[in-house]
Amino acid sequence: MREIQMVDLKAQYEKIGAEIDIAIKSVLESTAFIKGPDVKLFEEELQEYMGVKYVVSCANGTDALQLAMMALALKPGDEVITTNFTFIATVEVVALLGLKLVIVDPDPGSFNISVEAVRKAITPKTKAIVPVHLFGQCAYMESLMEIAKKYNLYIIEDAAQATGADYFFRDGTTKKAGTIGHIGTTSFFPSKNLGCYGDGGALYTNDDAHAEKLRSIANHGMKVRYHHDDIGINSRLDSIQAAILRIKLKYLSHFNSARRVVADIYDEAFAKCHSLSVPERVSYSSHIFHQYTIRVKNGKRDDLKKFLESKKIPSMVYYPVPLHMQEAYRYLGYRENDFPVTTALCKEVLSLPMYPDMEQEQIDYIILNILTFFGK
Ligand SMILES: *Cc1c(COP(=O)(O)O)cnc(C)c1O
């Protein structure tokens, strides 16, 4: 049996490497490393896939969040509400821009931002809500959009972990994660569902003015060369990454379905195991399983992790420390017991190996060992 990884990028490269090599070589030969034709073509192809009017590529998913907040002209002191249970990038940019960070608990089942908690956190200074579609499943966008409309707020969707997930509206229509709010952001970090071979990111919007602003700010605030209308940054997707992403985008639906197959097998195997709970699947979103994250009860999480390690099965805790307990964010003045849901999740969650190229033998081996640990 092939060694099990959290994400086996090498197994994927073994399958599509020949195509990738050709794509990279053609950029090398063109020497159009920055703003080459592949960047524009990738943006167009991703627009088509996402069903969105504009895709603006940038250097990484963290920049994408920063660009969104800059383009919406959020100002120091404006309050931005987001979830306490996310990767640090989401809150980092809020802090860096001098905005007031307001964090709330997630829903314990879906792991995504609690709509009730958002409602309670709104003040006259609130300007934006940043839902994160964590682990590959959408936050409850329809209610969040209603709240945003009522209070005149912006919604910036952090879709870094959900490229390709579908949101199902009550009226039967469907949209891709990231294309529902005012601006959506994503990351092409190698381990993401659509990952490149370095850093990369993008923004989605259906709004002409937002798109123009984003494009300008991502490129030194210039629309006409050497004329700077906005204070911008340098955040570009390079042509080699774009060429790689053009290949990988063709396989994205297939890769996401393959992840779902693995998740279904895990779900079925663990259904009768009451010492853990499998990830909840909400009715309003498909799940593309960026992570397959179980909750381990009775304080057994760390023991299970160690046991799996001894069997050469990797697993990861996303995320071990709540944001409000991180040293850098002490200044927010939250107390330890302010976020009971996040605190509980940080002690119980465990993400299992998940990637499209997992072999049946590997999946069976993981399941066998987890059930053995719980004496099944
Ligand atoms: C990966 C990730 C980001 C940041 O993306 P980078 O490309 O690494 O900067 C932001 N938010 C979430 C939820 C992520 O998972």
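Biologist: Which residues in H8 and H11 meet each other?
Modeller: On the H8 side they are Val-262, Ile-265, Tyr-266, Ala-269 and Phe-270. Their partners in H11 are Gln-360, Ile-363, Ile-366, Ile-367, Ile-370 and Leu-371. Keep in mind that this is a predicted model.

Biologist: And how many of those are nonpolar, polar or charged?
Modeller: The contact of H8 with H11 has 10 nonpolar residues, one polar residue and no charged ones.

Biologist: Where do these helices run, and at what angle do they cross?
Modeller: H8 covers residues 239-270 and H11 covers residues 360-373. Their axes come within 11 Å and cross at roughly 25°. Because that angle is under 35 degrees, H8 counts as roughly parallel to H11.

Biologist: Is that crossing left-handed or right-handed?
Modeller: The crossing of H8 and H11 is right-handed.

Biologist: Okay, over to H3 and H4. How do their axes cross?
Modeller: Helix H3, residues 61-71, and helix H4, residues 89-96, have axes that come within 9 Å and cross at roughly 40°. That makes H3 oblique to H4. The crossing of H3 and H4 is right-handed.

Biologist: Which residues meet there?
Modeller: Thr-62, Leu-65, Gln-66 and Met-69 of H3 meet Ala-89, Thr-90, Glu-92, Val-93 and Val-94 of H4. Sorted by class, the contact of H3 with H4 has five nonpolar residues, three polar and one charged.

Biologist: New topic: Lys-53. Where is Lys-53 found?
Modeller: Lys-53 sits in the loop between helix H2 (37-50) and strand S1 (54-58).

Biologist: What is Lys-53 in contact with?
Modeller: If you leave aside neighbours within four places in sequence, Lys-53 is in contact with Gln-47, Thr-205, Asn-206 and Asp-208. There is also Tyr-204, which is 151 residues from Lys-53 in sequence but 7.8 Å away in space, C-alpha to C-alpha.

Biologist: What about cysteines? How many disulfides does the count come to?
Modeller: The count comes to zero disulfides. A disulfide is a covalent bond between the sulfur atoms of two cysteines.

Biologist: Are Cys-273 and Cys-346 buried or exposed?
Modeller: Cys-273 counts as buried because its relative accessibility is 2%. Cys-346 is buried too, at 4% relative accessibility.

Biologist: Now the backbone. Which peptide bond is cis?
Modeller: The one from Tyr-318 to Tyr-319 is cis, with omega near 10°. Tyr-319 is in the loop between helix H9 (301-310) and helix H10 (340-348).

Biologist: Why point that out?
Modeller: Because most peptide bonds are trans.

Biologist: Buried or exposed, for Phe-289 and Asn-298?
Modeller: Phe-289 is buried, with a relative accessible area of 0%, whereas Asn-298 is exposed, with 67%.

Conventions: Residues are numbered from 1 along each chain as its sequence is written. This is a predicted model: local features need pLDDT of at least 70, side-chain atom pairs count only at pLDDT 80 or more; totals for chains, interfaces and linings use all residues. Side-chain values use heavy atoms; hydrogens and water are left out. A disulfide is a pair of cysteine sulfur atoms within 2.5 Å. Buried means under 20% relative accessible area, exposed over 50%, partly exposed in between (1.4 Å probe, protein chains only). Axes are lines fitted to C-alpha atoms, for helices over the stretch in contact, and angles run from 0 to 180 degrees between N-to-C directions. Helices (H or I, at least four residues) and strands (E, at least two) are DSSP runs, numbered from the N terminus. Angles under 35 degrees count as roughly parallel, over 145 as roughly antiparallel, 65 to 115 as roughly perpendicular and the rest as oblique. A crossing is left-handed if the near helix is turned anticlockwise from the far one by less than a right angle, and right-handed if clockwise. Contact means heavy atoms within 4.5 Å. Ala, Val, Leu, Ile, Met, Phe, Trp, Tyr, Cys and Pro count as nonpolar, Asp, Glu, Lys and Arg as charged, and the others, Gly among them, as polar.
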